[in-house]
Amino acid sequence: MILGTAGHIDHGKTALVKALTGVDTDRLPEEKRRGITIDLGFASLEIEGRTIGVVDVPGHEAFIRTMLAGASGIDMAMLVIAADEGVMPQTREHLEILSLLGVTRGVVAVTKSDLVDAEWLALQDEEIRSFISSTSFDPVDVIAVSARTGNGIAALRNAIHAVAETVGPTPAEADLFRMPIDRAFSIKGTGTVVTGTVWTGEVTRDSTVIVRPGSRVVRVRGIQHHGQQAEAACAGQRTAVALVGLDVEDAARGSVLVSDDHWVATREIDATVKLNGADVSVTARTRVEFHLGTSETTARIVLLPSMESPAARDAHRARIHFTDPILVRGGDRFVLRLPSPARTIGGGVVVDSFPDSSRRRTRNSRQAVESAVDALPQTICESIIAAAGARGVVTATLPIRTGLNANGVALAVTRSGAQTIGSRVFSAASVIALASQVEEVVKQRTANHPLDEGVSLQ
């Protein structure tokens, strides 16, 4: 399970992580010199026999890209607000990003409580609770702490444990392996080491993995969790993976480790998009920054007509085109930002990572997206199969396009009445239509050539 920090610069996130774990996550000389967090920091927190990975993110607005890379893949958040300053701009933006990424559970730590008197602390507590209540964030508690004196640290640990109990661990079900890379470095005698949070599936020592984008196949030499050697790594774990046959330059932040060659980068997706505020306007000419996992690329969005459903009134069906190929899976959450002036404008959920771009099938594909807003992944899977028509869909690509594991795809196929023929799956309606066409061809052929022995397969 992964806990991520969030909050404004100089509100004491790193000092609080050190008070909780004993680890100073500011490792760069520049961070030491300037006294601010620049890059992602990592630590482990032991509570009640449970190991929780901690990701410390920078709070400065200039490093929001780094914050986004760290916030991806976390299960719960520790929102840090200084008692002497209260809610600040990056407090709001970080919380907005957490909401877009679907992170709604966590705890609020009111730091530097030793710098203010009781009356001011009570006032800040009231204002912070009022601010939080207007958001989708649902913390188990708001706790006043001081990293300098240690006041409230024990209560904060208990609150984090309570959140962990409600969130629960990432399901360890069989799925395709994927780990976005957030750091890569070289160790003498070991070679290239990459770190990240395993999103899905499992990787084992001596197995082969693929670095995407690209097609570099490498071998896993070793695996570590929080400095301890391990034979495997599964979903929800902070992991360091030593790789054989890979240079550091080929595994930059934004790359992804996968274990199946059906993981292929795409240049366009279908998605549901939610924009923040009535003042946000996006057209097909608008260039936006698309953040998913640890990757970032430029994109443009083509919004389709607004939804009529009241439940999805603020949601838009969209096709998103990327400047550079990106590895995406159905169900992934992403964040959208404008480059100038730099600000977060919204986010969304991937519906289909490989939509049909041919003109004659655009209508069917868009109908699939329309039916997918707020729909279950199984329903999306059925819609994709139906939209494919007589071409069918390669079965092995459906787990990536829909976000379902192999068992989930099989269940959706069975429920929809679709049929698997060879390596492809076809909707029931397509099979019926094809059968009718075959029957009609046979009837016409035999009527026109009654003396022939039959109709050729071709």
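Modeller: Happy to. Let's begin where helix 8 (residues 377–388) meets helix 10 (residues 406–416): their axes come within 9 Å and cross at roughly 65°. Helix 8 makes a right-handed crossing as it passes helix 10. On the helix 8 side the contact is made by Q378, T379, C381, E382 and I385, and on the helix 10 side by A412, V413, R415 and S416. A few terms here: axes are lines fitted to C-alpha atoms over the stretch in contact, with angles from 0 to 180 degrees between N-to-C directions; right-handed means the near helix is turned clockwise from the far one by less than a right angle; contact means heavy atoms within 4.5 Å; helices (H or I, at least four residues) and strands (E, at least two) are DSSP runs numbered from the N terminus.

Please keep in mind that this is a predicted model, where local features need pLDDT of at least 70, side-chain atom pairs count only at pLDDT 80 or more, and totals for chains, interfaces and linings use all residues. Residues are numbered from 1 along each chain as its sequence is written, and side-chain values use heavy atoms, with hydrogens and water left out.

Now to the charged pairs. The structure holds 25 salt bridges, each being a side-chain nitrogen of Lys or Arg within 4 Å of a carboxyl oxygen of Asp or Glu. One of them joins D10 and K112, whose closest N and O atoms are 3.9 Å apart. D10 sits in the loop between strand 1 (2–7) and helix 1 (13–21), and K112 in the loop between strand 5 (105–111) and helix 5 (118–133), so this pair ties together parts that are 102 residues apart in sequence. D10 is exposed, at 55% relative accessible area, while K112 is partly exposed at 22% (buried is under 20%, exposed over 50%, partly exposed in between, with a 1.4 Å probe and protein chains only). Most residues other than glycine have a negative phi.

With 8% relative accessibility, S113 counts as buried. Leaving aside residues up to four places away in sequence, S113 touches A83, L121, A144, V145, S146 and N151.

Another salt bridge pairs R27 with D39, with 3.2 Å between the closest N and O atoms. R27 lies in the loop between helix 1 and helix 2 (29–34) and D39 in the loop between helix 2 and strand 2 (41–47), so parts 12 residues apart in sequence are tied together. R27 is partly exposed at 37% relative accessibility, whereas D39 is buried at 17%. R253 joins R27 and D39 in a network of salt bridges.

R216 and D250 also form a salt bridge, at 3.1 Å between the closest N and O atoms. R216 belongs to strand 12 (residues 216–225), and D250 to the loop between strand 15 (238–244) and strand 16 (256–258), so this pair links parts 34 residues apart in sequence.

Finally, two prolines deserve a glance. The R212 to P213 peptide bond is cis, with omega near -10°, and P213 lies in the loop between strand 11 (208–212) and strand 12. S340 and P341 are likewise joined by a cis peptide bond, with omega about -10°; P341 is in the loop between strand 21 (333–339) and strand 22 (342–352).
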